[in-house]
Amino acid sequence: MRKKMKPFTVILTFLVLALMIAACGGNSANPSNSATIRIGTKDFTENLIVGELYALALEDAGFQVERVPSIAGSVIHTSLVNHEIDMYPEYTGTGLLAVLKMDLITDPDEVYKTVKEEYNKQFQITWLNYSQASDGAGLVIRTDVSKKLGITTISDLQKHAAELRFASQGEVDQREDGIPALERVYGKMDWKSSKVYDNSLKYTVLRNNEADVAPAYITEGQLVNKDEFTLLEDDKRVWPPYNLAPVIQNTVLTANPNLAEIINKVSAALDTNTITALNAKVDVDKEEYEDVAKAFYESIK
């Protein structure tokens, strides 16, 4: 005759079985993916698109994501340091010059190596892989003027500056990495005229033939219209590279080691032409940045 199990033994047996089932389940799922990752973005189109790409990729991998969009560029680094967000898309040149306040470096790999080491040392923040997409400073000229005067580089521009009207945004005339840096390398820009316009109006000003040349960022969406606007080659490399890369809290990366591989795949799919085209869909075609990001993510996943 079998002996009946005592109540305590029955309870203990069920507890052991429950723990065994839970342990087996843990092998098939990644418990770290239950974490909520707070993704911040700066307050302009490109950063919003890239941040949304990060969010979509992480959600696809099972993470919970909290979007914290449109943080002012002047405070977003502090938000990361203070653990108010967990990660955001940054630019290598911004990290080097604006955050670390180090000397100019123009080699992309050297800039990345420097910011990666210093951020880890000073802030306990990791730079994941940088993408080929670079949103550096540049100068845009009306294409008809470019063709008429044979201007394709900033060296060409300097020779013809006295024939050209410059649409300044004011700040660029004074900033150390603006016109002062340009003139140290290329020589004095003796513009025919120079007037200050709001940055949001510069392409309208050029299109209306009120100016010939303006400062630009090299992934601005309007630059897809090459019949109207030509981005000049920085042939003497006065400006540093501004490659896009995710920056993330070390503690978050340690807790979620698979996160790096997921986000690095997004970065690998981005180059300057791709980012410019995505920006154009929002800024020129007036699509919503979330829709643009979703469509692109579906094409690369």
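Student: Which helix gives the largest share of the lining of the largest pocket?

Tutor: The general idea comes first: rolling a probe the size of a water molecule over the atoms shows where empty space is left. Keep in mind that this is a predicted model. Here, helix 4 (residues 92-99) supplies the largest share of the largest pocket's lining, with 5 residues.

Student: And what is the volume of the largest pocket?

Tutor: About 1,400 Å³. Its lining counts 47 residues, and those closest to the centre are F44, R175, N199, Y217 and E220. By class, the lining of this largest pocket splits into 19 nonpolar, 17 polar and 11 charged residues.

Student: What about the second largest pocket: what volume does it have?

Tutor: That one comes to about 390 Å³. There are 19 lining residues, with S134, I218, W239, P240 and P241 closest to the centre. The lining of the second largest pocket holds 9 nonpolar, 7 polar and 3 charged residues.

Student: Which residues line the largest cavity?

Tutor: I39, T41, L48, G51, E52, A55, R67, V68, P69 and Y289. Strand 1 (36-42), helix 2 (45-60) and strand 2 (64-71) are the elements that each give two or more residues to that lining. Helix 2 gives the most, 4 residues. Sorted by class, the cavity lining has 6 nonpolar, 2 polar and 2 charged residues.

Student: On to helix packing. At what angle do helix 13 and helix 14 pack?

Tutor: In general, two packed helices are described by the angle between their axes and the distance between the axes. Helix 13 (residues 272-283) packs against helix 14 (residues 289-300) at about 140 degrees, and their axes are 9 Å apart.

Student: Why is helix 13 called oblique to helix 14?

Tutor: Roughly antiparallel would take an angle over 145 degrees. With the angle at about 140 degrees, helix 13 is therefore oblique to helix 14. The crossing of these two helices is right-handed.

Student: Which residues make the contact?

Tutor: Helix 13 brings T274, L278, K281 and V282, while helix 14 brings Y289, V292 and F296. By class, the contact between helix 13 and helix 14 has 5 nonpolar residues, 1 polar and 1 charged.

Note on methods. Residues numbered from 1 in each chain as written. Predicted model: local features only at pLDDT ≥ 70, side-chain atom pairs only at ≥ 80, totals over all residues. Heavy atoms only, no water. 1 Å grid on protein atoms, 1.4 Å probe; cavity = no way out; pocket = protein on both sides within 12 Å on 5 of 7 lines; lining within 4 Å. Points joined across faces, edges and corners; volume = space filled by probe spheres on them. Nonpolar A, V, L, I, M, F, W, Y, C, P; charged D, E, K, R; others polar. Axes fitted to C-alpha atoms, helices over the stretch in contact; angles between N-to-C directions. Parallel < 35°, antiparallel > 145°, perpendicular 65-115°, else oblique. Left-handed = near helix turned anticlockwise from the far one by under 90°. Contact = heavy atoms within 4.5 Å.
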